[in-house]
Amino acid sequence: MAGRIGTKRAGLGLSGGLDSRAIAGGCVDHGFRPATFTYGNVHTNEGRVSSHVAEVLGLDHTIIPVRQDCLLRDTSRAVSLLDGAHSPAEMYELWFCDVLRNFADVVINGLDGDVFWGNDKALGVVGSDGILHAQLRRYGPELARLREFLAPDFGNWATDQFTRSLDESMTEWDLSSRADMVVFWRIYNRQLRWGNALTTALRRSGLRTELPFRDSRFLRFSARLTPAQRRNGQLYLETHRRLFSQISGIARSSDGNAPDHLDHVYWSGESPYTRQLARLAMRHPVSAARRAARQLEKVAVNRSPDWLPLVPWKNRSVSRSSIFPADLWLRTSRIYRERLLELLESSPTLSIFSSLAIDQFADSIRSGQANSGALLLAKIATLQAWFADYSRREASRQLLT
């Protein structure tokens, strides 16, 4: 990677997780010292942890503030850069391309490293029925939310089609052959599409990208891992402790635990989460307590009513744990609401969607009453924009022929 980049300026996106810090540690070990950057501020969990990692490794670090004028910036251009499955509301780095160009010609990131190391809640499940059930649990809540916006004739069809397509995608796989076959199924069926979409969009914006975890040599290495090595990310944690000991004592932003005090970093599907947490508590009680506390905080934020005394606490919790809190912006940012509505209203409603449901949700956004659903609405809006563009292209093609 360093050889390909040569004298060009390299910027490594550094988060509070394990993937980007593994790349940062590997770069330093090989005498390659890219500049690092993180979005947000030092008061977020990611900003605090990434600053600490960069300081220990001696790397230049830039924190890029998420200003109001950056939110959902230039959505029409972003729509044209994407290929499918996602929207400008999720492709955050597109909001900062101009800023990135100020200090980087090549953007390095750790996309999808966790998947290859074992981050899948169906890992450990054997057989197509079990994996199908796990994937339905994973995507089911999003599908249920989408059904609220579908036209009546399409609701049941969408659910049936979704289940059937998942089932068909597994028919040619021997998912009983090993306990980590879900990893290979995900890769083959392009379930890593967020990273693909972001990488493509950045390249179309004129920024080169480097993805070390997509390197063919790493993929060959990952394919040789055993299910036991992959389960709960055990080998990944050992890798951090042995190869990157300089930073292995720094806590992750997600749960406050460092690799030095963990032998369980990803949930798996072979046993209930409570049992996995109990096993972790037997070996690392403090780490288990931190993980449980963070999870309880998330549940409390999501389920507590919007009573006025609770709102400041909920907002602070969300802002601390998420750099891009879309649903919080939906309630608190006039610019975000206006740009989201502009994206929605730029194209006609497709027949598969309910105009009434979308209009009612748009009205709730205008009045500041919408509490969630920002990313889903952006996906619907993007799909409609793509369809309108395809229709214009088809009409032009017919005129030419």
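**The sheet, a pocket and a few residues**

Me: Let's start with the sheet. In S2, which residue is the bridge partner of Leu12?
Reply: Keep in mind that this is a predicted model. Strand S1 (residues 10–13) pairs with strand S2 (residues 35–39) in the parallel sense, over three bridges. Looking across to S2, the bridge partner of Leu12 is Thr36.

Me: And which residue in S2 does Gly11 stand opposite?
Reply: We're still on the parallel pairing of S1 with S2. Here the residue of S2 that stands opposite Gly11 is Ala35.

Me: Which residue in S4 does Leu12 stand opposite?
Reply: S1 also pairs with strand S4 (residues 106–108), again in the parallel sense and over three bridges. Across that pairing, Leu12 faces Ile108.

Me: Which residues of S1 are buried on the two sides?
Reply: In a regular strand, side chains alternate between the two faces of the sheet. S1 has both faces covered. Ala10 and Leu12 are buried on one side, and buried on the other are Gly11 and Gly13.

Me: Over to the second largest pocket. Which element gives the largest share of its lining?
Reply: This pocket has a volume of about 720 Å³ and a lining of 21 residues, with Ala22, Ile23, Gly26, His30 and Pro212 nearest the centre. The elements that give two or more residues to the lining are helix H2 (18–29), helix H11 (216–223) and helix H13 (234–243). The largest share is five residues, and they come from H2.

Me: How many nonpolar residues does the lining of the second largest pocket have?
Reply: The lining is made up of 21 residues. Split by class, three are polar, five are charged and the nonpolar ones number 13.

Me: Does Asp29 count as buried or exposed?
Reply: Asp29 lies in helix H2, and beyond four places in sequence it touches Leu243 and Phe244. The C-alpha atoms of Asp29 and Leu235 are 20 Å apart, at a separation of 206 residues along the chain. The relative accessibility of Asp29 is 52% and the cut-off is over 50%, so Asp29 counts as exposed.

Me: Is Gln135 buried or exposed?
Reply: Gln135 lies in helix H7 (residues 128–147). Buried means under 20% relative accessible area and Gln135 has 1%, so Gln135 is buried.

Me: Which residues is Ala151 in contact with, leaving aside its neighbours within four places in sequence?
Reply: Ala151 is found in the loop between H7 and helix H8 (152–169), and at 12% relative accessibility it counts as buried. Leaving those neighbours aside, the contacts of Ala151 are Ser351, Ile352, Phe353 and Ser354.

Me: What is the relative accessible area of Asp74?
Reply: Asp74 is found in the loop between S3 and helix H4 (75–81). Its phi is positive, about 50 degrees, although Asp74 is not a glycine. Asp74 is partly exposed, with a relative accessible area of 42%.

Me: Phi of Asn232 is a positive value; what is it near?
Reply: Asn232 lies in the loop between helix H12 (227–230) and H13. With a relative accessible area of 4%, Asn232 is buried. Asn232 is a residue other than glycine, and its phi is near 60 degrees.

Note on methods. Residues are numbered from 1 along each chain as its sequence is written. This is a predicted model: local features need pLDDT of at least 70, side-chain atom pairs count only at pLDDT 80 or more; totals for chains, interfaces and linings use all residues. Side-chain values use heavy atoms; hydrogens and water are left out. On a 1 Å grid over the protein atoms alone, a cavity is a set of points where a 1.4 Å probe fits but cannot get out, and a pocket is an open set with protein on both sides within 12 Å along at least five of seven lines; lining residues have an atom within 4 Å of a point. Grid points are joined across faces, edges and corners, and a volume is the space filled by probe spheres set on the points. Helices (H or I, at least four residues) and strands (E, at least two) are DSSP runs, numbered from the N terminus. Ala, Val, Leu, Ile, Met, Phe, Trp, Tyr, Cys and Pro count as nonpolar, Asp, Glu, Lys and Arg as charged, and the others, Gly among them, as polar. Two strands pair if DSSP finds at least two bridges between them. Buried means under 20% relative accessible area, exposed over 50%, partly exposed in between (1.4 Å probe, protein chains only). Contact means heavy atoms within 4.5 Å.
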